Amino acid sequence: RRTMMTNDETTALEGVTLTSSAAAKVGELIEAEGDSSLSLRLAVRPGGCSGFSYDMYFDSAVDASDIVNETDGVRVVVDPESAAMVAGATIDFRDGGLQGAGFAINNPNEQRSCGCGQSFC
């Protein structure tokens, strides 16, 4: 099952959304790659000190079973196995100045995360 939703249609049951700042940064990175067919894929993998870790990468392949959301023209794709663990999550991009810049995932399904912020359960 493939679901296309806008931010206004996203429910807590499905999908991951990007904030406008994250969509802008991902859009810049995709443009730098020179391949407009790329999507940002978010997956959950076993590992890390808390049990699971996030995996984010660009992907041009989208399966019919993937959940796809779009924000400001940028697609974020989640495989069905990861979807339950990240349903309702938001990816943000923060320019932290001296603290550094980076993506942050606000996942309402996290029960706890590790001190370094790289894994969760």
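These are my notebook entries on a predicted model of one protein chain.

**Entry 1: overall layout**

I began with the secondary structure. The protein chain holds two helices and nine strands. Reading along the sequence, I noted the pattern β-β-α-β-β-β-β-α-β-β-β. I then looked up burial, and 37% of the 121 residues count as buried. For the accessible surface I got about 6700 Å², with 48% of that area belonging to carbon and sulfur atoms. I also looked at contacts between residues at least 6 apart in sequence; 56% of these join residues at least 24 apart.

**Entry 2: the open sheet**

In which order do the three strands of the open sheet stand? I read the order as β2-β7-β8, with mixed pairing. The edges are taken by β2 (17-18) and β8 (101-106); each has a single partner strand, so one side of each is left without a neighbour in the sheet. Next I checked what packs on this sheet. Helix α1 (residues 20-33) does, and it touches β2, β7 and β8. The direction of α1 makes about 75° with that of β7.

I followed β7 (residues 90-95) to its partner β8 and found six bridges, with the two strands running antiparallel. Within this pairing, R94 stands opposite G102 in β8.

**Entry 3: a nonpolar patch**

F103 is also found in β8. Is F103 buried or partly exposed? Its relative accessibility is 31%, so F103 counts as partly exposed. F103 forms a nonpolar surface patch with L29 and M56, and together they have about 210 Å² of accessible area.

**Entry 4**

I turned to strand β6 (residues 74-78), which is mostly covered, as four of its five residues are buried. I looked up its pairings. With β5 the sense is antiparallel, over five bridges. T71 stands opposite V74 of β6. The hairpin of β5 and β6 has two residues between the strands, and D72 takes a positive phi near 50° there.

With β3, strand β6 runs parallel, and three bridges join the two. V77 in β6 is the bridge partner of R41. I kept R41 in mind for the next entry.

**Entry 5: salt bridges**

How many salt bridges does a search of the whole structure find? I noted five.

R41 and D66 are both buried. I therefore wrote down R41, D59 and D66 as a network of salt bridges, given the cut-off that a side-chain nitrogen of Lys or Arg lies within 4 Å of a carboxyl oxygen of Asp or Glu.

D55 is in strand β4 and R45 is in strand β3, ten residues apart. D55 is partly exposed, with a relative accessible area of 28%. R45 is partly exposed as well, at 33%.

**Entry 6: L38**

Last, I looked up a residue between elements. L38 is found in the loop between α1 and β3. With a relative accessible area of 12%, L38 is buried, because buried means under 20%.

Which residues is L38 in contact with, leaving aside its neighbours within four places in sequence? I listed I30, E33, F58, D59, S60 and R75.

Definitions and conventions. Residues are numbered from 1 along each chain as its sequence is written. This is a predicted model: local features need pLDDT of at least 70, side-chain atom pairs count only at pLDDT 80 or more; totals for chains, interfaces and linings use all residues. Side-chain values use heavy atoms; hydrogens and water are left out. Two strands pair if DSSP finds at least two bridges between them. Contact means heavy atoms within 4.5 Å. Axes are lines fitted to C-alpha atoms, for helices over the stretch in contact, and angles run from 0 to 180 degrees between N-to-C directions. Patches are made of residues with over 30% relative accessible area and no salt bridge: like charges are joined within 9 Å, nonpolar side chains (Val, Leu, Ile, Met, Phe, Trp, Tyr) within 5 Å. Accessible areas come from the Shrake-Rupley method with a 1.4 Å probe; for residues, only the protein chains shown count as cover. Buried means under 20% relative accessible area, exposed over 50%, partly exposed in between (1.4 Å probe, protein chains only).
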